[in-house]
Amino acid sequence: MDNMVDDEKVNQVVEKGKGGYEPRPGYELPLLLFAGFRTLIDRLHAELARQGHPDARPAHGFAMQAIGVEGASASEVGRRLGVTKQAAGKTVDRLVALGYAERADDPTDARRKLVRLTPHGLDALARSAAIFDELRAEWARTLGPARVHALEDDLRAVVPPESFRLDAAGWLGGA
């Protein structure tokens, strides 16, 4: 135990946690994780805009991932994003208007329409992957490759595999 001076608790004894670290409030962890996520996403979209995709938004990226290279129906996109078919349809409409996706007849079911990515949409996804690689490399230059690798390993240890879902846009309040 160390005597620590705290503006609100002058002359109070503050216990250090395991490993000699001062305890930190639990709310900081999700805020820091979200801030890291937001920083990566904001930097990605700034670079995507510079590379010819100024209209791409985070929700569009989730939706394009949900559509995938094989295409999907609006219902499938909605399920993958965790939003209603109507909400997915609005997002698909926006992707079509921006030239990232197109609607096509399903060759296996004449009653069904498929949403497919256009070359413009595929280009946005390919550029996103390359930009994420560069952003990760920047983190590795700042923190060191071993620390970034350890951070990823640590997050894999506490994040269940089923948590790797595309429904973040719906979870955050809109697709």
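The protein chain has seven helices and four strands, where helices (H or I, at least four residues) and strands (E, at least two) are DSSP runs numbered from the N terminus. The model is predicted, and local features need pLDDT of at least 70, side-chain atom pairs count only at pLDDT 80 or more, and totals for chains, interfaces and linings use all residues. Residues are numbered from 1 along each chain as its sequence is written, and side-chain values use heavy atoms, with hydrogens and water left out.

Along the sequence, the elements of the protein chain follow the pattern β-β-α-α-α-α-β-β-α-α-α. Of the 175 residues in the protein chain, 28% are buried; buried means under 20% relative accessible area, exposed means over 50%, and partly exposed lies in between (1.4 Å probe, protein chains only). Among contacts (heavy atoms within 4.5 Å) between residues at least 6 apart in sequence, 49% join residues at least 24 apart.

Helix α1 has 23 residues, and its first and last C-alpha atoms are 33 Å apart, close to the 33 Å expected at 1.5 Å a residue; the expected span is 1.5 Å times one less than the number of residues. After α1 comes G52, with a positive phi near 105°.

The buried residues of α1 are G36, I41, L44, H45 and L48. They pack against α2 and α5. Two of these residues, L44 and L48, are in contact with S128, when neighbours of S128 within four places in sequence are left aside. S128 belongs to helix α5 and counts as buried because its relative accessibility is 12%.

Helix α1 also carries an aromatic pair. F34 and F37 both lie in α1, three residues apart, about one turn of the helix. An α-helix has 3.6 residues a turn, so residues three or four places apart point the same way. The count of aromatic pairs comes to one, with the rings of Phe, Tyr and Trp (its six-membered ring) pairing if their centres lie within 6.5 Å. The pair of F34 and F37 is tilted, at 6.3 Å centre to centre and 35° between the planes; planes under 30 degrees apart count as stacked, over 60 as edge-to-face and the rest as tilted. F34 is partly exposed because its relative accessible area is 40%, and F37 counts as partly exposed at 34% relative accessibility.

The volume of the second largest pocket is about 260 Å³. On a 1 Å grid over the protein atoms alone, a cavity is a set of points where a 1.4 Å probe fits but cannot get out, whereas a pocket is an open set with protein on both sides within 12 Å along at least five of seven lines; lining residues have an atom within 4 Å of a point. Grid points are joined across faces, edges and corners, and a volume is the space filled by probe spheres set on the points. By class, the lining has six nonpolar, one polar and two charged residues: Ala, Val, Leu, Ile, Met, Phe, Trp, Tyr, Cys and Pro count as nonpolar, Asp, Glu, Lys and Arg as charged, and the others, Gly among them, as polar.

In α5, the buried residues are G121, A124, L125, S128, I131, L135 and A140. What covers them includes α1, α2, β4 and α6. Just after α5, G144 takes a positive phi of about 100°.

Helix α5 (119-143) is in turn among the elements that cover the buried residues of α4, together with α2 (58-67), α3 (74-81), β3 (101-106) and β4 (109-117). In α4, those buried residues are A88, G89, T91, V92, L95 and L98. Helix α1 thus connects to the account through α5, since the buried residues of α1 pack against α2 and α5.
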